[in-house]
Amino acid sequence: MKKRLLDIRNLEVGFTVYGGYLKVLNGVHFDMAEGEKVGLVGETGCGKTTTAKSVLKILPVPPAQTTGGTILFKGRDILTMSRNEIRDIHAREISMIFQDPTAALNPVFTIGDQLMTAIKYSNLHDGMSKREIRQKAVQSLKEVQLPDAERILENYPVQLSGGMRQRICIAMALATRSTLLVADEPTTSLDVTIQDQVLRLLGSLIQEKDTSTILITHSLGLVREWTERVYVMYAGVMVETADTAELFKNPLHPYTKGLMAAVPKLTGEGIAAGIEGRIPDYLHPPSGCRFHPRCPSVMDICKKEKPLYFDCGDNHKTACFLYRD
Amino acid sequence: MENIILRAHDLKKHFHTKRGVVRAADGVSFTINEQETLGLVGESGSGKSTVAYTVMGIYPATSGELVFKSQDITGETKKRPKALKQDIQIVFQDPGSSLNPRRTIRQILELPLQVHNTVPKQHRAERIAKLLEMVELPVDFMYKSPPSIGGGERQMIAIARALATDPSFIILDEPTSALDVSVQAKIINKLMDLQKELNLTYMFITHDLSLMRNMASRVAIMYLGKICEIAPTAEFFKNPLHPYTQMLLSSIPVVSEQEEELKPKKVVSTGEIPSPVNVPPGCSFHLRCPRRMEVCSRIDPKIIAPKENHQVRCHLFPGAADG
């Protein structure tokens, strides 16, 4: 069996805001093995990005507050690490690709400045010379198939297109040879043909470097094509997890089912009704299972108790009382 | 033969900028029949919104002809008669910015009634309640303001506002792309119900082809200000002719095996949409085309119809280089 890389248990994160306390992550469980490609799928505001940012410990404190749980990365708890340790983790272990490449790149520094800084700190002990760092930067731009890498190093982010900028973010994330890559909606701001190109590139680079990856997205289609295992998240809880093929064949949680039915299909059979209601208000989250006000098969127990994970065989778990037995 | 509600012929909209002329719409021709949904697909920068805004009268056309219900509407947009403005409405992409956050829903829905004076003052509240009912929102939403309601509900309000003047033609400019799928499903279904109920004609703009498959009756695909292919939906997806259409279709991520089989064989997508200031010579797609030929970089293909109802603008089909 492969070594466990990341193990999140019962993570609770909230935000203090004007008007109260938003309890966003309500006991998140997540684990992945080394080399795995895991998808994290859910709708806007379900806590996907909060989870990812917790792993990198980059949520602004305050307003963010972690009130419980552990995040074990290679057996060490990220939550108790010092600033210096976290910086080392960022430099060498975990990289992140953000949704919006325009916001992720600093507009007043050239691509070269930013890319070379990332490389410099990723190899603190290698003592690379400036020229070597530059060569490495050029090479990593070539890896993401950007033509004319030398020129791009001198460019500012505004001089490049959205697809190119996202490729630079990918180059930056992969140049450091991190163990874990967190890709947060890496292609949402791109067109479908560009999305396809960027993902194919990302896919082949991860394969080549054997990087463990978490792909965060709201697109079920992307998850199906790019991951091995999936977590479905709703309102700060992982409601279901299974191997990708199994999940798409046999979704169990009513939320997953509703979500899958709501995706428009190429077969053109019309669109299911969607899910009634909307994502809960985190100031006053529903009691018990957070999905119960929208759930078509709600029972009495759902309103009172928070469901645990019920094992449904084949690596398939779901937090729903329908599967108690 | 169905009645044509809107006909665009060789419609052009050019913008003059410091860097040169942007040919956002460059000779677009199409027709929309009554009570159908024409889907307009394309990547960002392909000019689909420009076409919509020109029809809407937000931009005056540079040249070409727009005929709505046998009335020429190409000319000066500010002089459009009110009755025409009443008949053509639009729903924008982002309800967060298309609804004034400082107005109540009641004020938002009342404005079109005031401007067009279609409903006497004492009946307006009633009419607003009716509009809310049409989009399945409770009547007390009248007293709320846009920031206090969810994104899906806001888009429903934007739809209600478009319906306020009893239009026959509505432009839907990516009405659900800012929303989640579970909410999108509800809005799309509502739009389709309303279309049947009120005999509406839609021009539906999106970049989501799977959504288009379920919503449109005919699909037109745009690339750099020109229409590449136009066909009835079922035919379009079963038998895409233009290499660009094939590339787009094979790039969509899908959720089931059945869908996978419907996609054309993997066409590897390459390149990006060029800047519309520097449109490549000949066929504007030739730089990215997997099947380009020598002629493609020289002659811009004409739109031709290899089959009935199925038009394509590509040199792979005989006749495209003529004239």
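Helix α10 of chain B is largely enclosed by the rest of the structure, because 8 of its 9 residues are buried. A residue is termed buried if 20 or more other C-beta atoms, placed from the backbone, lie within 10 Å of its own, exposed if 12 or fewer do, and partly exposed in between. Helices (H or I, at least four residues) and strands (E, at least two) are DSSP runs, numbered from the N terminus. The model is predicted: local features need pLDDT of at least 70 and side-chain atom pairs count only at pLDDT 80 or more, whereas totals for chains, interfaces and linings use all residues. Residues are numbered from 1 along each chain as its sequence is written, while chains are lettered from A and ligands numbered from 1 in the order in which they are written.

The buried residues of α10(B) are P243(B), Y244(B), T245(B), Q246(B), M247(B), L248(B), L249(B) and S251(B). Their cover includes elements of both chains, namely α8 (192–209) of chain A and α8, β9 (218–223) and β10 (226–232) of chain B.

Helix α10 (243–251) also belongs to the side of chain B that touches chain A, to which α7 (181–198), α8 (209–215) and α11 (257–262) of chain B likewise each supply at least two residues. The largest share of this side, 8 residues, comes from α7(B). In total, 33 residues of chain B are in contact with 36 residues of chain A, two residues being in contact if their C-beta atoms, placed from the backbone, lie within 7 Å. The contacting side of chain B comprises 13 nonpolar, 13 polar and 7 charged residues. In this classification Ala, Val, Leu, Ile, Met, Phe, Trp, Tyr, Cys and Pro count as nonpolar, Asp, Glu, Lys and Arg as charged, and the others, Gly among them, as polar.

The axes of α4(B) and α5(B) lie 10 Å apart at an angle of about 110°; axes are lines fitted to C-alpha atoms, for helices over the stretch in contact, and angles run from 0 to 180 degrees between N-to-C directions. The two helices, α4(B) and α5(B), are therefore roughly perpendicular to each other, a term covering angles of 65 to 115 degrees. At their contact, R106(B), L109(B), E110(B) and L113(B) of α4(B) meet R124(B), R127(B), I128(B) and L131(B) of α5(B). By class, this contact holds 4 nonpolar, no polar and 4 charged residues. After α4(B) comes N117(B), with a positive phi near 50°.

Chain A contains 12 helices and 12 strands. Of the 325 residues in chain A, 45% are buried. Among contacts in chain A between residues at least 6 apart in sequence, 65% join residues at least 24 apart.

In strand β1 (residues 4–17) of chain A, D7(A) is partly exposed, with 17 other C-beta atoms within 10 Å. Apart from neighbours within four places in sequence, D7(A) is in contact with D31(A) and L72(A).

Methods: Angles under 35 degrees count as roughly parallel, over 145 as roughly antiparallel, 65 to 115 as roughly perpendicular and the rest as oblique.
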